[in-house]
Amino acid sequence: MEINQRNFRKEHLAIRNAMLPGEVAEKSSAIVKRLLQSEWYKDTKEIFAYYPLGNEVDCHALFLQAWADGKRIALPRTKEENQMDFFYIDSLKQLEEGTFHVMEPVRGSEKADPLQQPVIVPGSVFGRDGSRYGYGKGYYDRFFAKYPRVRRYAVCYEHQLEETLPTDQHDIYMHDIYTEREVIQCFWGSEALLES
């Protein structure tokens with residue numbers, strides 16, 4: 001299982017790392033547009049998101065529009081034992097470099113209380129059934145196991161998709177997946193929504 005996961009990650013990350021800046025910007029813009037057009041975006045008052053590293057889907061435009069619409073944005077800060085919490089930011093100036101060179105909310109930021117907020121989720125590769133591989137540290141799996149009622153919306157490029165992925169018991173499935181071409185409503189996501 002672990003070998004398969006490493007191979008999937010390595011293969012898909014190599015493709016993503018080879019993307020040119022213009023391609024990242026164009027596809028990220030299309031993905032953000034789909035997020036902004038969603039029903040959940042209209043209804044939510046706050047969004048848990050992430051700051052992009054490298055060629056991850058760039059959600060800056062989502063932050064700016066959400067702030068303009070009077071919504072709150074919270075980004076993760078990592079802590080010991082591969083855990084993370086989310087903290088509110090009001091501008092991109094309230095960030096500092098954290099673990100793995102990822103930009104995180106500055107120390108002293110207001111901690112967000114996870115209820116049923118939408119969480120925008122990055123990853124290395126996704127299955128169309130909602131399965132996900134991150135980067136091997138398990139931050140998001142642990143967070144979602146602790147707060148199962150938050151809504152999990154993955155963002156990725158079309159080339160990061162497989163039909164399905166071999167998963168372990170601790171792996172958490174996404175509700176929906178947003179790419180530059182489509183929005184995939186995942187079967188596992190529907191089940192999770194009904195159970196929550």
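View 1. Residues 24 or more positions apart supply 67% of the contacts in the protein chain with a separation of 6 or more. The model is predicted. Its secondary structure comprises six helices and 12 strands.

**View 2. Overall dimensions and burial of the protein chain.** The C-alpha trace spans about 40 × 40 × 35 Å along its principal axes. The radius of gyration is 16 Å, which agrees with the value near 16 Å for a compact globule, because the chain has 196 residues. Of these 196 residues, 49% count as buried.

**View 3. Packing of helix H2 against helix H4.** H2 covers residues 21-36 and H4 covers residues 60-68. The two helices pack at an angle of about 35 degrees. Their axes lie 9 Å apart. The crossing of H2 and H4 is right-handed.

**View 4. Residues at the contact of H2 with H4.** H2 contributes Val32, Leu35 and Leu36. From H4 come Ala61, Leu62 and Gln65. By class, five of the contact residues are nonpolar and one is polar. No charged residues take part.

**View 5. The open sheet E8-E7-E10.** Three strands form this sheet in the order E8-E7-E10, and the pairing is mixed. Strand E8 (132-133) and strand E10 (161-162) are the edge strands. Each pairs on one side only.

**View 6. Pairing of strand E7 with E8.** E7 spans residues 125-127. Two bridges join E7 to E8, and the two strands run antiparallel. Within this pair, Val125 stands opposite Tyr133 in E8.

Definitions and conventions
Residues are numbered from 1 along each chain as its sequence is written. This is a predicted model: local features need pLDDT of at least 70, side-chain atom pairs count only at pLDDT 80 or more; totals for chains, interfaces and linings use all residues. Side-chain values use heavy atoms; hydrogens and water are left out. Axes are lines fitted to C-alpha atoms, for helices over the stretch in contact, and angles run from 0 to 180 degrees between N-to-C directions. Helices (H or I, at least four residues) and strands (E, at least two) are DSSP runs, numbered from the N terminus. A crossing is left-handed if the near helix is turned anticlockwise from the far one by less than a right angle, and right-handed if clockwise. Contact means heavy atoms within 4.5 Å. Ala, Val, Leu, Ile, Met, Phe, Trp, Tyr, Cys and Pro count as nonpolar, Asp, Glu, Lys and Arg as charged, and the others, Gly among them, as polar. Two strands pair if DSSP finds at least two bridges between them. The radius of gyration is taken over C-alpha atoms; the globule rule is 2.2 Å times the number of residues to the power 0.38. Buried means under 20% relative accessible area, exposed over 50%, partly exposed in between (1.4 Å probe, protein chains only).
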